[in-house]
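Subject: Structure handover, with notes

Hi,

Here is the structure I promised to pass on to you.

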Amino acid sequence: IIGQAPVQTDVDDATSNRSKGCTILAMTTLTDAIARFYGIQHAIVQLYCDNKDAPRYHPLSRATYTKLTKRDINLKMEMEHILNTSPITFVFCEVEGHADDSSDFIYEDAPQYVQRNIDMDANAKSLLKIIKSNQNHTL
């Protein structure tokens, strides 16, 4: 499954953490639904992201008041619910971003997860061009 998720929000609030966090939430929700539909009792699924802070899963039971009042608490609460109730064990993996910036980089030789990261970056840049060219467009 390859995913990306534009986020419904004001442009000022559209941070990389939030948009990538929403993508991770969407992917865990979809994977959980598929597992439940097919009656999968246990599986391990790796999710890759080029922003190690995007999943930022820290159990809310150990959170301080300051952390509970920070932005994106809704994402954290939804993520905690899925991680605690899903038959899937999710493993969050970091992909080094901008691997293709190197002059000796060869796309075809890169691992699939690196290729997908490059593809998603290209899709995100295309979406941003559309947004910037249309001032009335909202995410």
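Below are my notes on the fold, the core, the salt bridges and the aromatic residues.

First, the ground rules. This is a predicted model, so to speak of local features I needed pLDDT of at least 70, and side-chain atom pairs count only at pLDDT 80 or more, while totals for chains, interfaces and linings use all residues. Residues are numbered from 1 along each chain as its sequence is written, and side-chain values use heavy atoms, with hydrogens and water left out.

**Overall fold**

The protein has 4 helices and 2 strands; helices (H or I, at least four residues) and strands (E, at least two) are DSSP runs, numbered from the N terminus. Starting at the N terminus, the order of elements is α-β-α-α-β-α. Of the 139 residues in the protein, 32% are buried (buried is under 20% relative accessible area, exposed is over 50%, and partly exposed is in between, with a 1.4 Å probe and protein chains only). The protein has an accessible surface of about 9500 Å², and carbon and sulfur atoms account for 53% of that; accessible areas come from the Shrake-Rupley method with a 1.4 Å probe, and for residues only the protein chains shown count as cover. Taking contacts between residues at least 6 apart in sequence, 66% join residues at least 24 apart, where contact means heavy atoms within 4.5 Å.

The largest nonpolar core contains 13 residues, and Ile24, Leu25, Val45, Leu47, Ile88 and Phe90 have the most contacts inside it. A nonpolar core here is a set of buried Ala, Val, Leu, Ile, Met, Phe, Trp, Tyr and Cys residues joined through side-chain atoms within 4.5 Å. Two or more residues each come from α1, β1 (43–49), α3 (73–85) and β2 (88–94), and α1 supplies the largest share, 5 residues.

Gln46 is worth a click too: this residue sits in strand β1 and is partly exposed, with a relative accessible area of 46%. Gln46 and Val91 are 45 residues apart in sequence, yet their C-alpha atoms are 4.7 Å apart in space. Beyond its neighbours within four places in sequence, Gln46 is in contact with Val91 and Cys93.

**Salt bridges**

I found 2 salt bridges in the structure, a salt bridge being a side-chain nitrogen of Lys or Arg within 4 Å of a carboxyl oxygen of Asp or Glu.

One joins the side chains of Asp32 and Arg36, at 2.9 Å from N to O. Because these two residues are 4 residues apart in helix α1, about one helical turn separates Asp32 and Arg36. Asp32 counts as buried because its relative accessibility is 11%, whereas Arg36 is partly exposed at 45%. Setting aside neighbours within four places in sequence, Asp32 is in contact with Ile82, Ser86, Pro87 and Phe90.

The side chains of Asp119 and Arg116 form a salt bridge as well, again with 2.9 Å from N to O. Both residues lie in helix α4 (residues 112–133), 3 residues apart, which is about one turn of the helix. Asp119 counts as partly exposed at 24% relative accessibility, and Arg116 is partly exposed with 21%.

**Aromatic pair and surface patch**

The structure has 1 aromatic pair. Phe37 and Tyr38 make up this edge-to-face pair, with 4.9 Å centre to centre and 85 degrees between the planes. For the cut-offs, rings of Phe, Tyr and Trp (its six-membered ring) pair if their centres lie within 6.5 Å, and planes under 30 degrees apart count as stacked, over 60 as edge-to-face and the rest as tilted.

Phe37 lies in helix α1 (residues 16–37). Phe37 and Tyr38 are both exposed; for Phe37 this is because its relative accessibility is 65%. Both residues also belong to a nonpolar surface patch of about 540 Å², made by Leu30, Ile34, Phe37, Tyr38 and Ile40. Patches are made of residues with over 30% relative accessible area and no salt bridge, with like charges joined within 9 Å and nonpolar side chains (Val, Leu, Ile, Met, Phe, Trp, Tyr) within 5 Å.
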